[in-house]
Amino acid sequence: MDIPEDLSYTADHEWVRVEPGRATVGITDFAQSALGDVVFVQLPETGTRVERGSTLGEVESTKSVSEIYAPVAGVVAAVNSALVEAPERLNEDPYGGGWLCVIEGVDEVEIAELLPAEKYRQLTAS
Amino acid sequence: MSLRQSPLRAAHEKLGARLVEFGGWEMPLSYPSGTLAEHLACRADAVVFDVSHLGTVRVEGQHAFAALQSTLTNDLTRIAPGGAQYTHLLADDASVMDDIIVWWVGPERFDVMPNASNTARVRAAIGGLDVTAERAVMAVQGPRARALLAAVSPEAAEVSHFRAVPFTFDGAPCVAAGTGYTGEDGVECAVPSEVAERFWDALVAAGIAPAGLGARDTLRLEAGFPLHGHELGPGITPLQAGLSWVVGWDKPEFLGREALLAERASGPRRRLRGLVGESRRPLHAGDSCLVEGTAVGEVTSGNFSPVLERGIALAFLPPDVAEGGAVGVQVRGSVLPTTVRRPPFHKLEKR
């Protein structure tokens, strides 16, 4: 299971790439593997203000639906609209071409509370 | 309760299958290639499913014909020994208690194949021996199924559509039938457990890709075929499911006949229809169906069509909702526009 060291994680199997003032969000390799072939992705609209834990969108495979939760509060600044017609990117490249959205105006305290790679690895191993 | 295992369990594990519970059995959901790839391989090439979880009830002897003919809906006089037939077992109220494939293997031998969990019920109705544990059943399906199967068994590959013939593999007595449940041409092979893994390995070595229950479900839905527990079951009659051709109306006797004749006279109160969405968003069993804002029915099976790349569903709707009609499907808060279309969905023109 691929868990890049330079990313942060949530217990809901999402990854977060932290840059100053912004966070890029996606689902982990573990999550895409558990879901199976993703056939539909619903993304938030840019400009939407989200709270930590609120619903960002949905990822759906041929066998199940999963909600995506905002890992941190902020404003949705960009979405990966290529996923609408090519949701298989979530399976093929979860940490690259399968990114979901960028949240801006994020809070440093909430960022600090995300899981480091080592902690997330322990979570998926248990 | 422990789950029943197919004779091919070890072969599935070797191939890296993801196993799930289905009807009391532990069976492959998918292989590492994934459900979508398996689905598309069946439409374009050839795949093999382990369907050993289907029951086999063997009814033999001089009374076998009468036992089936006086109980099940379809008319066996439409076929002959060496033929196969799709049929229903009804309850007194004409509910479909199971949908079944009958292989008329010899003059006085029928191999009756109910759904996994309905084997005991079918045996109670028609008698016979439950020989499910003695064999594996492999469904080779797809446009290249016969060509590739010929490398393993030329005899099996030659069986015609809806025919059932005996053949041998490694000296073991097997049956091949030109049946399946994917909307593609193909052959189902019942093989004794002792040689099942060798047969499976030979199919895979011949270039036939293994496929799991995930693809089997999306394939049968795309073809518009009913699944017991969804489109068939308590409270659902063959007429409501659009399957009046499964009924031998001229037969003097079958279970549920009186109630079914009464329903035919008054007209079914609902009909199973196909729905096609306008986006990739899958539809789901249990979703409410709306016509002009009013709830009129419910989705029984829904998913994503890998061929159309649209959400698709089967749903019970009032009889007056016709082909081409607009139906809204309520999916978690939003109402998705869909159109009533006649399956098979994969034969419809892609938008």
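Is Arg341(B) buried, partly exposed or exposed? With a relative accessibility of 32%, Arg341(B) counts as partly exposed, where buried means under 20% relative accessible area, exposed means over 50%, and partly exposed lies in between (1.4 Å probe, protein chains only). The structure is a predicted model, in which local features need pLDDT of at least 70 and side-chain atom pairs count only at pLDDT 80 or more, while totals for chains, interfaces and linings use all residues. Residues are numbered from 1 along each chain as its sequence is written, chains are lettered from A and ligands numbered from 1 in the order in which they are written, and side-chain values use heavy atoms, with hydrogens and water left out.

The side chain of Arg341(B) meets that of Glu323(B) in a salt bridge, with 3.8 Å from N to O; a salt bridge is a side-chain nitrogen of Lys or Arg within 4 Å of a carboxyl oxygen of Asp or Glu. This pair links distant parts of the chain, 18 residues apart: Glu323(B) is in the loop between E18 and strand E19 (326-331) of chain B, and Arg341(B) is in strand E20 of chain B. Helices (H or I, at least four residues) and strands (E, at least two) are DSSP runs, numbered from the N terminus. Glu323(B) is partly exposed, at a relative accessible area of 47%.

Over all chains, the count comes to 24 salt bridges. One of these joins Glu197(B) to Lys14(B), with the closest N and O atoms 3.4 Å apart. The two residues are separated by 183 residues, Glu197(B) being in helix H7 (residues 193-205) and Lys14(B) in helix H1 (residues 9-14) of chain B. Glu197(B) is partly exposed, with a relative accessible area of 25%, whereas Lys14(B) is exposed, with 63%. A further salt bridge is formed by Glu258(B) and Arg257(B) at 3.8 Å, N to O, and Glu258(B) is exposed, at 59% relative accessibility.

The interface of chain A and chain B is described next. Together the two chains bury about 1,200 Å², of which 47% is on carbon and sulfur atoms; buried area is the accessible area (1.4 Å probe) that two parts lose on being put together, summed over both. Asp37(A), Val39(A) and Thr62(A) supply 40% of the area that chain A buries against chain B, more than any other three residues. The contact, defined by heavy atoms within 4.5 Å, takes 14 residues from chain A and 14 residues from chain B.

Across this interface, 3 salt bridges are found, and Glu58(A) and Arg281(B) form a salt bridge at 3.1 Å, N to O. The elements giving two or more residues to the side of chain A that touches chain B are helix H1 (29-35), strand E4 (38-42), strand E6 (55-61) and helix H2 (82-85) of chain A. E4(A) gives the largest share, 3 residues. The residues on this side divide into 6 nonpolar, 3 polar and 5 charged; Ala, Val, Leu, Ile, Met, Phe, Trp, Tyr, Cys and Pro count as nonpolar, Asp, Glu, Lys and Arg as charged, and the others, Gly among them, as polar.

Chain B is divided into domain 1 (4-52 + 132-223), domain 2 (57-116 + 237-267) and domain 3 (270-347), with bounds taken from an automatic or database domain assignment. The C-alpha centres of domain 1 and domain 2 of chain B lie 25 Å apart. Between these two domains, about 1,000 Å² is buried, and carbon and sulfur atoms give 64% of it. Phe162(B), Ala164(B) and Val175(B) supply 41% of the area that domain 1 buries against domain 2, more than any other three residues. The count of salt bridges between domain 1 and domain 2 of chain B is 0.

Within chain B, 7 of the 10 residues of helix H2 (residues 35-44) are buried, so this helix is largely enclosed by the rest of the structure. Among the buried residues of H2(B) are Leu36(B), Glu38(B) and Arg43(B).

Some backbone features also deserve mention. Most residues other than glycine have a negative phi, and most peptide bonds are trans. Ala94(B), however, has a positive phi near 75 degrees; Ala94(B) lies in the loop between strand E6 (84-90) and strand E7 (96-106) of chain B and is buried, at 1% relative accessibility. Pro343(B) and Pro344(B) are joined by a cis peptide bond, with omega about 5 degrees.
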